[in-house]
Amino acid sequence: MGVQEDIERAQREKGQEATSAANKRIIDAIKKRNADLVSRQAEAKRSLPQVEAIYEGYITYLSTGKKGNKTLSEYEIKQFKAAAETTKKKLDEVRKILAQKPEVIKLPSPIKPEEKATTGGPTGPVTPDKTPDKTPDKTPDKTPDKTPDKTPDKTPDKTPDKTPDKTPDKTPVVDREAEALNKAAAADFAIPETLFKNIPSLQALLKKYINTPGMTSDAFLKELRNDLWYKQNSKEIKERYVQYYNYRDLQAAGRAQGTTDYEMQIDKIEASLKKRAISLGSAAASDPAALRKAAENLYITNRSEDESFITDFLAASIRPVAGIIGGKGTEGYSGKALENYQTLLRTARDNGLKISDIIPGGSNEQQLLQNIASGKIDIDRITQDTRKLAAQGQPQYVRDLLSQGFDLKQVFAPYRNTMASILEIDDPESIDLNDPVLRSAISDKGDMNIYDFKKILRRDGRWQYTEQARQDVSSATLDILRDFGFQG
C-alpha cells in the first residue's frame, strides 16, 4: 500500500469522525434547548394565574376608578395604569413561552466517500481499502473503473445507518411530571399544578405516577377521579383553592398588594361579616382575626352568600361584651341580642316571673339568645309559653285572658294603678304582680269593683304611711278636740 493511499484513507476517516462529532454536538445542543424550554414553560404555567389575577385587578381599578370603597386619585390612576402596562408585557411574555414548541432534530447529510474515493498517484489511479490489495500490479487500468462503483455503495450504507439509529434512542426524554400535569389540567379535570403542590392526596398521587414507570396515564387519571378530595369539591371550589394558594405564594414572597381577586373578595366578605355581626350582637365583630379566617373559609367553600350558615356562625359568638361608659367598665349584650334579651325580660316581668323562670330547660340565658338568633327557638313561642306558666294557679277569668294574648300586667292594670294611687306609689309597675293584696282583686268569684278594692287598700298596713292617711288622722283629731270644746 502506497503512502498516498495512507494519506487519503486517513483524510476520509477523519472526515467521518468529524461529521459524527458535529452531529453529536448538534443533538446535545437541541436537547439542552428543549430541556430549558420545558423548565421555562413549567415556571410560566405556575406564574400565569398570578400574573393574570394581578392584571385583572389593575384593570378593575382602572375601569371602576376605585380600590374597594376608596375612590382613586388621578395620581393613583396613573400609577395603576403604568403597573397594568408592565404586567401586560409580562403576561404576553409568559403566554409566548407557553406557545413555543420543542425543536425537531435534523442532522446534516453525511460526507459522501465517493468524492474522495480515488486519487491520482505516482503510478496512476489508487483505490483505498481492499480493492488495491488484490489488483494493483496486474490490472491497474481497469481497477479505477470498478472501484468507484463499489466503494461509495458500501461507505454511505454504514454511516447513515449508525447515526440515526442511536440518536432517536437518546432524544425522547419523557417528563412524567409534565405529562401528568398536562393530563390533569385538561378540560375534563381542570386541576392545575398549584393544587398538586398543596393538596396532600393529589401530591401523593403525582409522586406515585412519577416514581412508577409502569403506571400509564390512563391509570393515573382513573386514580385522580377516585381521589376523595377531588370528589368532595366542586369545580368552583377547586378554582377558589387555586386563588387561595396563589395568594399565599404571593404573600410568602412579600408581593401581596391587595390587587388579586382573592384578596378583594376576602375584604368584601369580611366587611359584610362585621356588619352582620354588629347587627346580631355577636362578639365576632370585635375579633378581626376570627372574621378574617371566617371570610376565607366562606370564600373557599363558596358559602359567602349562604345567609343561614353565616347567621349560625355569628350567633354562636353571642355573649355579653365588655365596654366602658363614663370611665367605668360595663358588660352586656348588644344589637339584636340586646333587643331579644329586653323582650324576654319584659315578658317575664309582665307576668310576675323572672327571666330564669322562662328559659327552656337545659340551657342558660346566653344559649337562649344564640338559639333565638339562629332561628332554632321562636321568641314569640317563649312569650306564649310564659303566659301559660303565669296562668298556673290563677282564677279561670285570668286564665282566659292570658290565653287570649294578654299578660298579667294588662289583666291587673286597673287594680295596679288604683293601688299606686291609694298607697301613693309613684310607679305602678314597681308593684309586684305577685302582691297578695293585688292578687285579691280577682278571684274565682270574679273581679272586684274598684270601690271595694280601695276600701281593702285603706286597711292595708302600708296605707297608714301615706300623706292622705296623715291628713285623715289630723282631721279626725281636730273633730274630737272640737267636740270637747278645745278648738274654735
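**Helix packing in a predicted model**

Q: What covers the buried residues of α5?
A: The cover includes α6 (193–198), α7 and α8, where contact means heavy atoms within 4.5 Å and buried means under 20% relative accessible area, with exposed over 50% and partly exposed in between (1.4 Å probe, protein chains only). This is a predicted model, in which local features need pLDDT of at least 70 and side-chain atom pairs count only at pLDDT 80 or more, whereas totals for chains, interfaces and linings use all residues. Residues are numbered from 1 along each chain as its sequence is written, and side-chain values use heavy atoms, with hydrogens and water left out.

Q: Which residues of helix α5 are buried?
A: In α5 (residues 176–184), R176, A180, L181 and A184 are buried. They cover an arc of only 130° around the axis, so they lie on the same side of α5; the arc is that of the directions from the helix axis to the C-beta atoms.

Q: How many helices and strands does the protein have?
A: Helices (H or I, at least four residues) and strands (E, at least two) are DSSP runs, numbered from the N terminus. The protein has 23 helices and eight strands. Of its 488 residues, 33% are buried.

Q: At what angle do helix α7 and helix α8 pack?
A: Two packed helices are described by the angle between their axes and the distance between the axes. Axes are lines fitted to C-alpha atoms, for helices over the stretch in contact, and angles run from 0 to 180 degrees between N-to-C directions. Here α7 (residues 200–210) and α8 (residues 217–226) pack at about 165°, with axes 11 Å apart. The pair is therefore roughly antiparallel, a term for angles over 145 degrees.

Q: Which residues of α7 and α8 meet?
A: On the α7 side, L202, L205, L206, K208 and Y209 meet S217, F220, E223 and L224 of α8. This contact comprises six nonpolar residues, one polar and two charged.

Q: Which residues in helix α13 are buried?
A: In α13 (residues 307–315), the buried residues are I310, T311, L314 and A315. Seen down the axis, they fall within an arc of 130°, so they line one face of α13. Their packing partners are α11 (261–280), α12 (288–300) and α16 (365–373).

Q: Is N340 buried or exposed?
A: N340 counts as buried because its relative accessibility is 8%. This residue belongs to helix α14 (residues 335–349). N340 touches L369, I372 and I379, leaving aside residues up to four places away in sequence.

Notes. Angles under 35 degrees count as roughly parallel, over 145 as roughly antiparallel, 65 to 115 as roughly perpendicular and the rest as oblique. Ala, Val, Leu, Ile, Met, Phe, Trp, Tyr, Cys and Pro count as nonpolar, Asp, Glu, Lys and Arg as charged, and the others, Gly among them, as polar.
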